[in-house]
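Dear colleague,

I am handing over the structure we spoke about, and below it you will find notes on what turned up. Please keep it open beside you while you read.

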Amino acid sequence: MTFLYILLSIIIVLVILELAMLFFVRHPNVLRKLWRRLQNSMGYLYVQGERKIMHFNESAGQYHPELSYTFKPGKFIFTEREFSNIYFINSLGVRDTEEALTAPEIVIVGDSFALGWGVDQEKTFGKLLEQRTGLKVLNTSVPSYGTVREMIMLGKVDRTNLKCLIIQYCGDDYDENLKFYLNGNKPQTMREETFHKLTDIHSRPKKYYFGKYIIMKIQKRINEMRSANNAQENKTALDEVDLFLHVLKQNEKILSSAPIIVLDLGGKNRTNYFIDSLKQKSADADNPRFIRELAVLKVMDYLKAEDFYVLDDHLNDHGHIVVADLLYKTLKDKRIIRS
């Protein structure tokens, strides 16, 4: 009898937990009023269990032999629980105008944070910067790109009139940069059949079933233990800053002709650890000049939780304004612009 009572109590608790998680994932406006830890927990369930992968959606992404994927030229609409936006794609397969491809003065490389995931095109920090400076800005950012693919993309850009390069780093870049280093400075790309398989999977709706979130929480704990073991197996003497600088040094020919600004964006819980370390290590006298002269920005000193979506971990409209303002000030301080 005692056993049945305990079992029933556990079931009741699990049902209540599941219903509570379902409610918060469905009501981000309520969740925003609650504490950060709960927001982070519910955000994980949304991102892993419901959010669509933009570049693996059949209406948006296309296979690329060097870059694994880019966007399809034209336009598509990407809608999630907290936003819906139109994406206009040029012939390079990036979210910008065709005209921006001709002799841009500022080029942005990065992933979904610099892309403007969740905001309208004219409200991205790249376009806001273009409006304020009067300079032609090209945004080549594509979701999930690491530094390696960002450099490959940069190599395809017209750099004849380049006045400044903006590199947006994210903690997710680590894996791609590590593989590049371990593979003898050779980028690893996915096969076309893998891309189409992923597109087929992620183009299907992510359905909810009762108990989904409880199962996800259990699976998360298992994955964390596995990740810790894998991290030990793949451990090198190089940390994420070392790997980032290593990739840059392999691309000196395309990086040494214009000033470079580096900022780190990776969600509302990102700290300045990478930026602080980068500032220290890039100043080493043994580094090439373009590394020593990197302008390293502490963006997270200026961004607040309110500058991000609640469930989704990307910047909202105001977050992009904050980043654009900081970049504009940096361009003036570095005398890249004079207005």
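Please bear in mind that this is a predicted model. I begin with Gln 121, which, apart from its neighbours within four places in sequence, is in contact with Ile 86, Tyr 87, Phe 88, Arg 95, Asp 96 and Lys 127. Gln 121 lies in the loop between helix H4 (112-115) and helix H5 (125-133). Is this residue buried or exposed? Its relative accessibility is 9%, and because buried means under 20% relative accessible area, Gln 121 counts as buried.

The next element to look at is helix H8, which spans residues 192-202 and whose buried residues are Phe 195, Thr 199 and His 202. These three cover an arc of only 75° around the axis, so they sit on the same side of H8.

Helix H10 (residues 240-249) gives another picture to examine: eight of its 10 residues are buried, so H10 is largely enclosed by the rest of the structure. The buried residues are Glu 240, Val 241, Leu 243, Phe 244, Leu 245, His 246, Val 247 and Leu 248. One of these, Val 241, also takes part in a detail at the start of H10, where a side-chain oxygen of Asp 239 comes to within 3.1 Å of the backbone nitrogen of Val 241.

With best wishes

Key:
Residues numbered from 1 in each chain as written. Predicted model: local features only at pLDDT ≥ 70, side-chain atom pairs only at ≥ 80, totals over all residues. Heavy atoms only, no water. Buried < 20%, exposed > 50% of the residue type's maximum accessible area, 1.4 Å probe, protein only. Helix = DSSP H or I, 4+ residues; strand = E, 2+ residues; numbered from the N terminus. Polar contact = N/O pair within 3.5 Å; in protein donor to acceptor, adjacent residues only side chain to side chain. Contact = heavy atoms within 4.5 Å. Arc of directions from axis to C-beta.
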